[in-house]
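Take a look at the chain below.

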Amino acid sequence: RKQSSLESVFRTVLALYLSKVGEDLQIEVGTEFRVAVQEARRCGAAVVFGDRPVGTTLSRLWQSLTILQKLRIFVQLLMEMFVTHTESMVEQLKSPALLDEYMENIMHSFPSLARVLLDERDKWMVHELAKLHETLTERQEQGTLDVQGCRGRIVMVAVVGMGHKKGITRHWAAYWKSKRPEGYTEFPDPSPSLTEASLDFTLLTGCGLLVLSWACN
């Protein structure tokens, strides 16, 4: 799918915001994953990328937002560009209670954003982990997988963002009960519902009439 001009601007603003956070904290965003890859290679472990391609996620995110939600996110990102992010702010989010509260706020303010960025990716990663586990189990049974260094057990280590831990844990249990892989990689059209679009149109029209009335007076 070809990106629209506004979607390209959104991706650029998002990249600038992440760069700003990295500069404030004096770190490179994604360092934890680079370290994980380095450690895996150091101990001879195989590395598997289990997340959904970022381009797919950002496209679905953009499609899922209504006009007003897109405006709100643009404004929020621009405001965050003028905030100095500190290590203490990051450390606070390591608290399970505060992290849950933060996630609840996102789900309440931007439900479609939470669905695409969190829930869909949680399911996707669970599917990739389960598929990898099944492949390794099959190789172990065939005798083509060396697990002597792991005391004869299959060991997988998943490195994920803090916000994904609870969702992956929940979906992992549900996955093995349902055994419906398609429900974890195939998702419905993310476009806003007709009701959401109509509400946006009504609110925007109302705002336009108020501005016009104020200008005429």
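What follows is a short tour of a predicted model.

## The whole chain

The protein chain holds nine helices and zero strands. Read from the N terminus, its elements run α-α-α-α-α-α-α-α-α.

How much of the chain is buried? Of its 217 residues, 26% count as buried. The accessible surface of the chain comes to about 14900 Å². Carbon and sulfur atoms account for 62% of that surface.

## How H7 meets H8

Two packed helices are described by the angle between their axes and the distance between the axes. Helix H7 covers residues 111–142, and helix H8 covers residues 165–178. They pack at an angle of about 55 degrees. Their axes lie 9 Å apart.

H7 passes H8 in a right-handed crossing.

## Who makes the contact

On the H7 side, the contact residues include Asp 119, Asp 122, Lys 123, Met 125 and Val 126. His 127, Leu 129, Ala 130 and Glu 134 of H7 also take part. H8 brings Gly 167, Ile 168, Arg 170, His 171, Trp 172, Tyr 175 and Trp 176.

Which classes of residue meet here? The contact of H7 with H8 has eight nonpolar, three polar and five charged residues.

Technical notes:
Residues are numbered from 1 along each chain as its sequence is written. This is a predicted model: local features need pLDDT of at least 70, side-chain atom pairs count only at pLDDT 80 or more; totals for chains, interfaces and linings use all residues. Side-chain values use heavy atoms; hydrogens and water are left out. Helices (H or I, at least four residues) and strands (E, at least two) are DSSP runs, numbered from the N terminus. Buried means under 20% relative accessible area, exposed over 50%, partly exposed in between (1.4 Å probe, protein chains only). Accessible areas come from the Shrake-Rupley method with a 1.4 Å probe; for residues, only the protein chains shown count as cover. Axes are lines fitted to C-alpha atoms, for helices over the stretch in contact, and angles run from 0 to 180 degrees between N-to-C directions. A crossing is left-handed if the near helix is turned anticlockwise from the far one by less than a right angle, and right-handed if clockwise. Contact means heavy atoms within 4.5 Å. Ala, Val, Leu, Ile, Met, Phe, Trp, Tyr, Cys and Pro count as nonpolar, Asp, Glu, Lys and Arg as charged, and the others, Gly among them, as polar.
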